[in-house]
Amino acid sequence: MIDPYSSQRAMRQMRRAAMQRGVIAVLDIGTYKVAALVLKVDPSGPEPKAASIGNLGGQAGFRVIGAGTTRSRGVRLGEIAAMSETETALRTALQAAQKMAQTRVDHVIVCVSGGATRSYGLAGEVDVEGSTVVENDISRVMAACDVPDFGVGRDVLHAQPINFALDHRTGLSDPRGQIGQRLACDMHMVTVDTSLVQNICNCLKRCDVELAGIAGSSYASGMAALVEDEKELGAACVDLGAGTSGVSIFIKKHMIFTDTVRLGGAHVTLDIAKGLQVDMTTAERIKTVHGGVQATSMDDREMIEIGGNSGDWEKDRRTVSRAELIGIMRPRIEEILEDVRARLDAAGFGCLPSQQVVLTGGGAQVPGIDGLAARIFGQQVRLGRPVRVRGLPQAASGPAFSGSVGLSLLATSPQDEWWDFELPTQSYPARSLRRAVKWFRDNW
Amino acid sequence: MRPLDQFDPHHEDGATSHHSDGHESDAPLSALSPEMSFWDHLGATRADEYAQDDILTGIPLPDVPVMPAVPLSMVDMAPPRSMPQHGFTRLDDTLRAREAAVETGHLLRERVPVDGGRPDALRRDRARHPAGFPSAQDVPPPEARAAGMARKNRRKAHLPSRLSYRIQRVWLTPFYRRAIKIGLPAAACMVALAMTLASADRRMAISAQAETVYAAFVDRPDFMVTELRLPDMAPELEQAIRGVITPELPKSSWRLDLDDLRSRIELLDAILVADLRLLSDGVLAVSVTERVPAILWRSADGLEVLDIEGMRIGFAPDRTALPDLPVIAGEGGGAQVPEALDLFDAATPLGDRMRGLVRVGERRWDVVLDRGQRVKLPETGAVAALEHVIALEQAQDVLARDILAADMRNPARPVLQISEGAMETIRDIRSQNTEALQ
């Protein structure tokens, strides 16, 4: 049997090597920024509880020793548009992080936000060979999952077993050692464009680092922004990025759905630039400094200097009221959230027992967006920030860094994937021998 | 919501200073709200990037647009000069700078086509001021220009080239880092040393130089040993010791090898132990223990004076010079002085009949008595054989009789050799006895 995930296994091998060396970097390649964190992995376990810090869950086994952030270059909608530019950006971020960490990093885990991630639910069922379920049975049931035809030019990004059922009992997380005849498995598979992964591989190769893993950014930010009970009871994480907005639904600590809306903060900026006749930089500044989604009567009186550097004095002295700005921003943000809502509805988010929606990502910093989101998603909406991680600089602890922090969690304590299990052993020779013995017994 | 006291001032500067009135308190309330600023989390890096998006620092040289003539009334609207210099205030500074330039005639008032048709005045101006600015004393904010250049440099530094990236990675590799920080200097030092010491001339020059420095310290008069102090002793001995030491003096005490001198003095025959000390004021004190004469040995070289161990002390002119010492003779006698002294002790009962000892065949002793008598002793057990003879003498006066030698070479069979006259006497007595019997 040919292993369809040999490259994923190779990356796991890389990750193991990095764990042994004790230093690994995570790289979040976004549309607006590239963030690199250098993690020092210490298997010594959680350090004693400090007064101000509560329990550290999965984020205790490592420490951030270097962080570097730079403006992203050559990335559009989360996909690499100009390779050399992107390489420069990655190099800049990596160099800054390495310099802060005073360590050389050879293994990098990246997360991708573009690439049109699609998620599939898979199911498989096999007979248990022995009396109890062993590891090989799990491998077989996962191999027995009917893989949909996800088309050429797509790669499997995640393939996670999310549920096991043994005979009539379902909801098992680990059926090994249990007695049963029929083992069934539900898997969640995420595919992504092969070209994007290959481009990222090439970029990293040109930066002299090895790719030790790859994860979807919506998955990573969900890992960081959702708290334990949300992950357990069911919640959706909406990662409002610059180029794309990722959606991921979690239940029972597993991601069961992910999707990407190819709209984000950059579109808001573009709207402002078009509406106010300013360049993108000025529009971005106006958006971040004065932006909002909820207009009040005060905002009519609050006049914003547009500024600009066109050289035309009249043009650069224009002012708009904040209400006008909100009038530009709100429809676009509404559109994004409506789109996200559509994706959630398509995924059947309404059927989950808990319908918590967590907004994170840089776009979640627009003031009043939680109110707007509550109108669209329902009342259970909150703004999420990434979990606390040891050594993370204050500047990199905002919602925009959910993806990076989640990726650090995944780097040190990854969830089970298809490729974490051995290939099912081909027991054909043994079986044929047994059949020969049986025939001998029956006939003599 | 973060409290307002944690508000990042850098961000505040960079974000609000574009207001032309320059009063930050006039910024809208939303600008002071930290939650909304996306770039807040990126910290100073982003603030700098924003601040440098500025028409003055960003424009390359050939494309510098010539500003339209600015009416003087607008200059009054420009912000005061004391306001903080940030990216978004730069336009006003530019306008004022242009205005000042127009007034001083540095810059042409009318628009000039960029493609080559520039008037010479502008070109001269460009040549002097690369960025198209009038001279420095006319430009109000020199510090702003400096800051702009610094930002430009920083922007360059922000984007590492692939080479600098690789170099940094190499530098962060512990092996290379150690090699470069420790190995390289050490290797350079070794190479320099080896190249210096490669030529023999330089080696000699270096050693000569070192010797000079050493001598400058060592050969100071304070360290010089000039005087030899000896106790009272025989003049010949004193002469000999002076003969050893005097050629060395005067010499620095650092260079004086006292052990060597001591061994050379102890090589003198008459000296058993020598003791050399350096005293203050450059005095070398030598004290010696002389060997005590114990025996005289008549050898082929003459009459040697030996001490108790058989070491030669000197020569005696004749026997009478040292009448108290016993005498031995014969080849190899000098090597057996302790045994000879034991024999002399044992022969005390013989009194002055004892003449001396003779070593025979380098293996055994003969005791020589007066009247030419000899006691021939064996190789081993010589003292016991002599005591045997002395016992016979004391009992029967053997040696007082007319015998030539008492031969004890075989202790089990002592033999007395009697003289010729005694033999005849015995024969006569025997013949008389037989005649009497007949």
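These notebook entries record what I looked up in the predicted model above.

**Conventions.** I number residues from 1 along each chain as its sequence is written, with chains lettered from A and ligands numbered from 1 in the order in which they are written. In this predicted model, local features need pLDDT of at least 70 and side-chain atom pairs count only at pLDDT 80 or more, whereas totals for chains, interfaces and linings use all residues.

**Nonpolar cores.** I looked first for nonpolar cores, meaning sets of buried Ala, Val, Leu, Ile, Met, Phe, Trp, Tyr and Cys residues joined through C-beta atoms within 7 Å. A residue is buried if 20 or more other C-beta atoms lie within 10 Å of its own, exposed if 12 or fewer, and partly exposed in between, with C-beta atoms placed from the backbone. The largest core has 123 residues, and A:A25, A:L37, A:A93, A:A97, A:V108 and A:V110 touch the most other members. Helix α11 (residues 322-346) of chain A gives the most to this core, with 9 residues. I take helices (H or I, at least four residues) and strands (E, at least two) as DSSP runs, numbered from the N terminus.

I then listed the contacts of A:A25, leaving aside neighbours within four places in sequence; among them are A:L37, A:L94, A:A97, A:H107 and A:V108. Two residues are in contact if their C-beta atoms, placed from the backbone, lie within 7 Å. A second, separate core of 28 residues includes B:A270, B:A294, B:L343 and B:A385.

**Helix α5 of chain A.** I checked burial along residues 217-225: 9 of the 9 residues are buried, so α5 of chain A is largely enclosed by the rest of the structure. The buried residues include A:Y219, A:G222 and A:M223.

**Sheet in chain A.** I traced an open sheet of 5 strands with mixed pairing, in the order β14-β13-β12-β17-β18. Its edge strands, β14 (254-261) and β18 (381-383), each pair on one side only. Two strands pair if DSSP finds at least two bridges between them. The twist averages 20° from one strand to the next. Strands β12 (residues 235-240) and β17 (residues 356-360) of chain A run parallel and are joined by 5 bridges; A:D239 has A:T360 as its bridge partner in β17(A). Helix α12 (residues 369-377) of chain A lies across β17 and β18 of chain A, at about 155° to β18(A). Axes are lines fitted to C-alpha atoms, for helices over the stretch in contact, and angles run from 0 to 180 degrees between N-to-C directions.

**Strands in chain B.** I found β5 (residues 283-290) of chain B paired in the parallel sense with β2 (residues 227-229) over 3 bridges, and in the antiparallel sense with β4 (residues 271-279) over 8 bridges. B:V283 in β5(B) stands opposite B:E227 and also opposite B:L279. The hairpin of β4(B) and β5(B) has 3 residues between the strands, and B:D281 in the turn has a positive phi of about 60°.

**Helix pair in chain B.** I noted that α14 (residues 337-346) and α15 (residues 382-396) of chain B pack at an angle of about 20°, with their axes 10 Å apart. They are therefore roughly parallel to each other; angles under 35 degrees count as roughly parallel, over 145 as roughly antiparallel, 65 to 115 as roughly perpendicular and the rest as oblique. The contact includes B:L343 of α14(B) and B:L386 of α15(B).
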